[in-house]
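The following note sets out points for a colleague who is examining the structure. Please read them beside the sequence and the coordinates.

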Amino acid sequence: MATSRLLILCWLGLVALSITSVQLGNAGAGLLLAAAVLLVALGKAWLIADGFMHLRHAPPLWRGLLLGWPLVVGGLVLLTLWLQRGV
Amino acid sequence: MSTSPDGMATHDCMDAGGRATQEAKAEVIFQRPVRHLPGDLAMWFFILAELTVFALLIVTFAVAQALQPALFHASRAALDSSIGLALTLSLLTAGLFAALAQEQLRRARSRRGAWLLLAALLAASVYVWLKLAEYGHLAAQGLGMEHNNFFTLYWILTGFHFLHVLLGMLILAWLALRCWRRSQVADDAALESGVLYWHMVDLIWVLLFPLVYVLN
């Protein structure tokens with residue numbers, strides 16, 4: 001697939017996921033919805049890292065670091081939300 | 001490329017001129033695409049450092065929220081998620097144009113690349129305009145940094161990110177100028193690094209946006 005076409009597809013995916021994220025947030029509160037929102041954010045991060053940044057061609061270490069960042073940060077955020085329910 | 005039963009490639013990868021390219025040779029030897037890290041290594045270390053700082057800020061925000069969930073929920077109501085979505089879309093569109101520009105420059109179409117970088121800057125300007133409007137609106141309501149913990153962290157987190165957006169725009173503008181003058185177009189690493197910085201700004205926002213604007 002031509003790179004330009006791939007980039008535009010990534011952008012369309014990012015736009016769709018962004019709108020989905022807001023809709024999920026407006027759907028109400030709750031840990032499951034929050035997890036869904038964070039999962040969407042992870043999907044967007046993947047599209048940016050692999051698509052825009054071309055990391056799908058990069059050495060596994062760097063790709064892992066850049067994909068690991070939203071995973072770890074998102075995971076920690078989810079953890080705080082989960083712990084919050086017990087407070 | 002054909003493969004024999006033991007999985008090894010059995011003939012050279014030839015281009016139209018009949019000469020095997022270096023990459024194709026490497027692919028034959030290593031049996032996988034050659035891995036390549038775009039941009040300068042220095043920029044990647046810088047990106048990692050920035051991501052670390054923002055990770056700390058984001059987690060701080062999340063922890064503060066967990067300690068005062070009612071306050072954060074009520075304060076978040078002062079923010080408009082539609083504006084947040086518009087901010088997101090403008091950053092993402094700028095990212096698309098920057099990535100497309102990089103693609104054009106790889107094909108030595110420097111003028112086209114310059115125009116695309118300019119388009120990226122325009123999209124980023126929408127972000128700046130919306131953000132300043134949001135800041136002004138909040139300030140007018142007295143919802144400044146000292147109002148409560150939510151707004152202290154909101155201003156710090158989004159403000160710090162805003163500074164990065166401005167720096168990213170300066171970098172894109174500088175790249176656009178270089179491309180327009182068609183000077184050092186062959187300096188792919190510098191261009192890739194500059195565009196990567198912008199994508200990092202996008203990447204950070206992708207986590208910041210749901211946390212600050214969306215999550216209840």
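1. Two residues are taken to be in contact if their C-beta atoms, placed from the backbone, lie within 7 Å. On that basis Leu117(B) touches Ala98(B), Ala101(B), Leu172(B), Leu175(B), Ala176(B) and Cys179(B), residues up to four places away in sequence not being counted.

2. The model is predicted: local features need pLDDT of at least 70 and side-chain atom pairs count only at pLDDT 80 or more, while totals for chains, interfaces and linings use all residues. Residues are numbered from 1 along each chain as its sequence is written, and chains are lettered from A and ligands numbered from 1 in the order in which they are written.

3. Helices are DSSP runs (H or I, at least four residues), numbered from the N terminus. In α5(B), the buried residues (20 or more other C-beta atoms within 10 Å of their own) include Ser110(B), Gly113(B), Leu117(B), Ala120(B) and Tyr127(B). The buried residues of α5(B) pack against α4 and α6 of chain B.

4. Which residues have the most contacts inside the largest nonpolar core? A nonpolar core is a set of buried Ala, Val, Leu, Ile, Met, Phe, Trp, Tyr and Cys residues joined through C-beta atoms within 7 Å. The largest one has 80 residues, and those with the most contacts inside it are Ile58(B), Ala98(B), Leu117(B), Ala120(B), Leu172(B) and Leu211(B). Helices of both chains each supply at least two residues of this core, among them α1 (3-26) of chain A and α2 (41-67) of chain B. The largest share, 18 residues, comes from α7(B).

5. The expected span of a helix is 1.5 Å times one less than its number of residues. For α6(B), with 32 residues (149-180), this gives 46 Å, and the end C-alpha atoms are 46 Å apart, which agrees. Just after α5(B), Gly142(B) takes a positive phi of about 80 degrees; just after α6(B), Arg182(B) takes a positive phi of about 55 degrees.

6. The contact between the chains takes 39 residues from chain A and 37 residues from chain B. On the side of chain A that touches chain B, α1(A) gives the most, with twelve residues.

Conventions
Buried ≥ 20, exposed ≤ 12 C-beta atoms within 10 Å, placed from the backbone.
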